[in-house]
Amino acid sequence: MKEILPGATIGILGGGQLGRMAAMEARRLGYGVVIYDPDPSCPAAAIADKHWIGGYDDIDKLLDFAAAADVLTYEFENISSLALRKLEEESLLFPSAAVLEICQHRVREKEFLSSRGFPTVSYKVVNRPEELSSKAADLGFPSILKTAQLGYDGKGQVSLSSIEDCFSAWENIGKPAIALLEKRLELLAEFSVIIGRDHKKNVSFFPIPRNFHKKGILDFTIVPSGLGKRLEKEAKEIAFEIAAALDLIGLLAVEFFLTENEDIVVNELAPRPHNSGHFSLDICLTSQFEQLLRIICNLPLGATSARSNGLMRNLLGDLWRADNQPNWAGLLKLPGLKLHLYGKKQPRVGRKMGHYCIVGENMDDILALDTQALQILE
Ligand code: ADP
Ligand code: MG
């Protein structure tokens, strides 16, 4: 494949914040950008040259969109795989439809990982609600039932602490066609490895963030992770092998759990930029979004080293009080705090409206500034 140079047009399937930030990086590099998203006011619409408004199974519209781009990628995982296969016949698409088919489906993803010997949480596949009680009893409590498809930010999941919880669980996760039952672990830590892999199988890693969640949603990440060289090396090796097994051309985020016994297991995969990698925009030489663009355009991988340390915190709709904007002026007074807002009009509880990244050298100073920022937002 030839290099796709600035001046060409990048097509992004999905116009959420990941698409918006990718589009901004594409623009900085001098590319044109077209996006595809059903929502007329999606975050990337303000950045794109052109926006196709349509469903993710509308093959004709998708093909029309694809014809306007020199290369395609996706920021959204729930695209019909049939449609994606069609796009792939006509256009350059990275990562491939085959990669997305695995990662967009929790059961396929877990079976892929475990069949290749990657460490995962103990789990069972549940094909019918009637199977749930006996499988849950076999696996042991506590556990978590997750829909195979369409879940995100802890949605489509329910905790099971006893047999009684099984009766309503299937309905509580929206009566899925198939579900995954996982042992609920006591976690010592969560972290993620974001790996880029290019057409020539060269790879690059971002510094590893340690991730802190609240109610199933990423709350904040810190870099460096503080988890130690040995553990980080082990996780990178696993991510490298997963990317190779997927024959990945693109970006892959591998979410990890550190268990009570200090073992690491793979939680889930995302073949796209990842919320935990947003720090890279402000502290790395190359951001995760630029790296993705470089890879899909068959350009050399960018250097990913961090110029400093940092903390990234998500800003959820919960911070908006009766439609009043949070105290941005106060926040913008803090030195070293970089604010990113996604241009979403409707704040809702749990909705990711933006994030900030605090850039600094000393982690204690960074954490102190974060505490100050939280007080300003209260
Ligand atoms: P998603 O990020 O797609 O919503 P995840 O499976 O990553 O779904 O779950 C979200 C969060 O819920 C995880 O980051 C973790 O904090 C918690 N969680 C998920 N599965 C488990 C588990 N088996 N044991 C303990 N905590 C879990
Ligand atoms: Mg997750």
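Author: Happy to; we can go through the domains, the ligands and a few backbone details in turn. Keep in mind that this is a predicted model.

Reader: Great. Which domains is the protein divided into?

Author: There is domain 1 (9-93), then domain 2 (122-183), then domain 3 (187-377). Between domain 1 and domain 2, the C-alpha centres are 33 Å apart.

Reader: And which domains does the shell around ligand 1 draw on?

Author: Domain 2 and domain 3 each give at least three residues to that shell. In terms of strands, β6 (143-147), β8 (179-183), β9 (187-197), β13 and β14 each provide at least two of the shell residues.

Reader: How many residues surround ligand 1, and which are the closest?

Author: The count is 20, and the closest are K146, G154, E190, N267 and E268. Sorted by class, that shell holds nine charged, six nonpolar and five polar residues.

Reader: What does K146 do there, in terms of atoms?

Author: K146 places a polar side-chain atom 2.6 Å from an oxygen atom of ligand 1. E190 also uses its side chain, with an N or O atom 2.5 Å from an oxygen atom of the ligand. With K183 the contact is through the backbone: one of its polar backbone atoms is 2.9 Å from a nitrogen atom of ligand 1.

Reader: How much of ligand 1 does the protein cover?

Author: The protein covers 91% of the 540 Å² of accessible area that ligand 1 has on its own.

Reader: Is E255 buried or exposed?

Author: E255 is buried, because its relative accessible area is 15% and the cut-off for buried is under 20%. E268 comes out as partly exposed, at 22%.

Reader: Switching to the backbone: where are the cis peptide bonds?

Author: One joins F94 and P95, with omega about -10 degrees. P95 sits in the loop that runs between α3 (81-90) and α4 (97-103). Another goes from V223 to P224, where omega is near 5 degrees. For P224, the setting is the loop between β12 (217-223) and α8 (229-245).

Reader: And which residues have a positive phi without being glycine?

Author: K175 is one, with phi about 45 degrees, and K201 is another, with phi about 70 degrees. K175 belongs to the loop between α7 and β8, while K201 belongs to the loop between β9 and β10 (203-205).

Reader: Are those two lysines buried or exposed?

Author: K175 is exposed at 57% relative accessible area, and K201 is exposed too, at 54%.

Reader: What about P176, buried or exposed?

Author: P176 is buried, at 14% relative accessibility. This proline is found in the loop between α7 (163-172) and β8. From P176 to L150, the C-alpha distance is 9.7 Å, and the two are 26 residues apart in sequence.

Methods: Residues are numbered from 1 along each chain as its sequence is written. Chains are lettered from A and ligands numbered from 1 in the order in which they are written. This is a predicted model: local features need pLDDT of at least 70, side-chain atom pairs count only at pLDDT 80 or more; totals for chains, interfaces and linings use all residues. Side-chain values use heavy atoms; hydrogens and water are left out. Buried means under 20% relative accessible area, exposed over 50%, partly exposed in between (1.4 Å probe, protein chains only). A residue is near a molecule or strand if one of its heavy atoms lies within 4 Å of it. A polar contact is a pair of N or O atoms within 3.5 Å; within protein, one must be able to donate a hydrogen and the other to accept it, and residues adjacent in sequence count only if both atoms are side-chain atoms. Accessible areas come from the Shrake-Rupley method with a 1.4 Å probe; for residues, only the protein chains shown count as cover. Helices (H or I, at least four residues) and strands (E, at least two) are DSSP runs, numbered from the N terminus. Ala, Val, Leu, Ile, Met, Phe, Trp, Tyr, Cys and Pro count as nonpolar, Asp, Glu, Lys and Arg as charged, and the others, Gly among them, as polar. Domain bounds come from an automatic or database domain assignment.
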